Each structure stands twice: as C-alpha cells, then as structure tokens.
Amino acid sequence: MHDILQSTAWPALAARRDALLATNLRTLFSTDPDRARRMQARACGITLDYSKNLLCADTFALLIALAEEAEVPARTRALFSGARVNTTEDRAVLHMALRCPPAQRWLVDGVDLADAVHAVRRRMRAFAEQLRNGTWRGHRGDTITDVVNIGIGGSDLGPAMVCEALRDHAHPGLRMHFVSNVDGVQIGDVLRGCRPETTLFIVASKTFTTQETLANARVARAWLIDSAGSAAAVARHFVAVSTNAAAVEAFGIHPDNMFGFWDWVGGRFSLWSAIGLPIMVALGPERFDALLAGAHAMDEHFRTAPLAANLPVLMALCGIWNVDFLDLPSQLIAPYHQRLHRLPAYLQQLDMESNGKSVRLDGTPTPCRTSPILWGEQGINGQHAYFQLLHQGTQGVAVDFVGVLDPGHQDEALHRIAFANLIAQAEALMRGRSAAEAEAEMRAAGLSADRIRQLLPHRVFGGNRPSNVLLLDRLDPHTLGALIAAYEHRTFVQGVIWGVNSFDQWGVELGKQLAARVLDELDPASAAPAFDAHDASTLGLIERYRAWRQ
C-alpha cells in the first residue's frame, strides 16, 4: 500500500511546520483580513470555523494535496459503493444506507439494501407508536412509563447521547434509562426507581451473548419475575435488538419483538439502525426520521463537495495537522450546551476505537501518530477544571468548541453567557496574553512595580493554541444527525490518510478473553489458579479477591 510519509505532500508539510511555529496566530489574523471568512465551511445547518488553527494558505493547499495523494476521494467512493473496506473482517461498511430516504434505493452487488432497512424501520415505528400512545401494555394491563435500554459500547453511547441531546423533544410520559456498567450499581439504581409492571426493557446485543449486557438483562428479568410471579411476564416487558433469534426466544422474548440489523453495521456506527430503537421511542418516529435525514444530508455533502469545501474533510485535515505535525496528541471536545454533555463520551468511542491503531491495512506498523486521545466535558464546567492546562500547561491540546446559536426554550440571557464564554475561550487560546499586556493590566489596577515583577511570569501565556468552532444553527434532530455524521466521516478520512482500518477493533478482544478466565478464578469455590497461570501481580489480585470473599 502507499506509504503516506513517502508522498510529496507529507515532507512539504513537515517543512512548513517549522516556519509556522516561528509565527503566531495573532500575526496570521492581522496580516490577512480575509482569513476568518476564507477559513470557514458550512453544511446542513453547521458552520465550521477552522481559522484558529496554525495554518496558512500554502499549508492548507498541501493538506488538500495530502488527502488527494492518500486517495480519499477514491476510498470515499469505495465506502459508499459497498466495497469491503473493512478488510480484516471482510465486510462492507454501510451505516450510510441506514439513513437513506424511503424513496431511495441503495444497490450493492445488485441487492437493494434499502428494502431491508425500511422494513425494519417500519417495525420499529409500529412498536414505538404503541409505546408512545399507550396501547402497548405490561403483563397486568398497565401503561409503560419507563423504558430501560440495556447495552454497552455503541449499543449504549449513541442512543444515550442522542436521547439526552434531544430531551426537550422527548415524550413527556416516558422516562428513558440506560444501563451499561456491569458492577451492579447502575442497574440497581435504575430498578429502584422503576415499577416492574410499568417498565419495559430493550436488550441490545447483536449476538445476544455480550457478557455485560446479558448479565444486566438477567438481573432485570429476575426482578420482573420476582414481582410478576411468572416468567410469562417477560414477553410483555422485554424486547431485543439482536440477530440471534434462538437466544432471544430462549430468554423469553417473542421473536416478533426482536429487531435485527446487519454485519455491515459496526457498533459505533449503529445508532441509525434498530440500536436506535430507544431514540425512536423517546422522540417519536418523525423526529427519528429527521435525525436520519440530517445525517443523510451530511453524507451527500461529504460524498459530493470538493475537498477544500468539505466540512468533514476539513475537520479531518486540521486533526492530521495538529496530531502529526504540531505534535498535539490530545483533543478536547468542549460542547457549550448542557444537552450535549454526553457528546465527548460518544466521540471517544467513535474516534479512538476506530483509529487507535498501530498497524496499517497491509499489516505493517504505522509510520506516524494516529488517533489523538479524545476527551471532554461540558465547556463551562471545563473552564473551572482543566482549562488552566489548556492556556498555560506544558502540553498542547487541540480543541473542538461546539456551540448552538438558537437558545430554543432556554433562557436567552443565560444562553448568551455560555455562548460568550465559548467565543472568549477560543479567542484566549489563540491570542494568549503578552508580557506588555499583562504589565499594563496590573499597572492599571494599581499594583506596585515590585509586585508587577513578581506576578508577571504568572500572568503571561503564549496563546497560539489551535481550535475549531462548530456552530449549530439549532439543536434539533436534523442538525444533530448532521453533526454526528460529520464526525463519522472525519474519522474515516483520518483513517484513510493514516492507512489504518477504521472499522475493526481487535484490541478489545484480549481483555474480554482474559476476563472470562479470571471470572471463574475469582469464585472461592473453584480451584485457585496455578502459580504459572498469570503473572505475580495478577495472581495477587485474584487471591486478594478470593480471600475477601471467603
């Protein structure tokens, strides 16, 4: 395969880095009055301002050339055509087909995937409407008031994030809960707040064998049966999102209440499939359709827009520049809207499980740094926690600020305060504060010359720290769908340039295998593991647990 480090653009970009590090963003803005207008992109209700990245026109042109040399347009066409781009699992990757409009066909190898997609969506719609209008009843005839989604990874993070982000649009009579942790605390907390006769569980597991999900589902099942007095109640209080009909039926769920999906739907790209059933239940079929429509609109923009005006491509190239050329291994996601506080957690899986790879598609080691460490929290809280490090710390961090223009139903004055902070933090990271500015501020405040000398090193920070600002016109299903799809495509483009498979996750398998073995060994009734079964540290931890249980 093509080694991106051997491309024409890569060494040219490395040469540009030194020149840019010798300048600063203040200078780039002051010498180029058109910079902010030129370094923007807009699509599907989202505006991307990437002008606060340490880039200039010729560097930007080289990044576009890098994407072309990496064959991003050709790989994008292959992705949308149904080619088996997930080479290690020999699968196509077609979550985009889940978002195609009802009248559109999606042909792959002569088969219209849209037919099957829309058939499942019709079944989801019928079920969601029954829950929402109260015609689906519990085993005693009670109306359902609580819906508990039991899943993990993509079966939890996506639906939970969307339901929280769009909570203002949710059904007022249905409370949504999400359970993923298997330590017993989360499922216990949820069950204590629900009544068995009015609670419905959605068990989301493609194989219906996921250890954490099935463990929590069995606890919920026992809780229901203990109240109902009969396992027959399970059929009215459990549905499944799975492909394993035999296991679902053995659990007590009627096959008619199983909603399936396909092997070309990866977990972290699955909220658009039946995994999104809790989203449709909470928001209603029409708003779920709007979420899909927003994502489809971004698909079309990504597929057709020129690289230099392509919002996901621009996000990806800024990330490549910051990670591989400016040596910024960390990226903060800072949403300045409370409803988006779960967005960083969702994007962590999307980005780091996709591109956290050290081996390229051909099995050779990656010659450059890949996925950044992605993290974050609601922006205002972050300002009073870790923004000190962003401004004056020794480690540089790239930032995606995410804001919403329309306050919706919220207090406009309060919304304006949050929005002002978003703008100010992005500006402060870019500008910094010079020694002359800090000295002038302290002199104006009446500080003595000696005190100014003491404080001056502490009041100066260099700025020149990069950020993107993503502004949503409003936080509604359509725009949120477009935002999620933009990050999906950004992740794909970065994977193409780095030469990794963004659609497998072999790195998580070993821990799962070892956990199954250790679980048996933690039981005090079982034989203690042999002295050579593990390293000394692992053996010690196992023995510590066994001794405590005894």
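Val148 stands opposite Phe201 in β7. Strand β5 (residues 146-150) and strand β7 (residues 199-204) run parallel and are joined by five bridges. Strands here are DSSP E runs of at least two residues, helices are H or I runs of at least four, and both are numbered from the N terminus.

The model is predicted: local features need pLDDT of at least 70, side-chain atom pairs count only at pLDDT 80 or more, and totals for chains, interfaces and linings use all residues. Residues are numbered from 1 along each chain as its sequence is written, and side-chain values use heavy atoms, with hydrogens and water left out.

## The sheet

The open sheet has five strands in the order β6-β5-β7-β8-β9, with parallel pairing (two strands pair if DSSP finds at least two bridges between them). β6 (175-179) and β9 (258-259) each have a single partner strand, so one side of each lacks a neighbour in the sheet.

## Helices on the sheet

Helix α7 (residues 154-165) packs on the sheet and touches β5, β6 and β7. Contact means heavy atoms within 4.5 Å. The direction of α7 makes about 150° with that of β6. Helix α8 (residues 185-192) also touches β5, β6 and β7, at about 160° to β6. Angles run from 0 to 180 degrees between N-to-C directions, with axes fitted to C-alpha atoms, for helices over the stretch in contact.

## Asn53

Asn53 lies in the loop between β2 (46-49) and α4 (57-69). Asn53 is buried, with a relative accessible area of 1% (buried means under 20%, with a 1.4 Å probe and protein chains only). Beyond its neighbours within four places in sequence, Asn53 is in contact with residues including Leu25, Arg35 and Cys318.

How values were computed:
Buried < 20%, exposed > 50% of the residue type's maximum accessible area, 1.4 Å probe, protein only.
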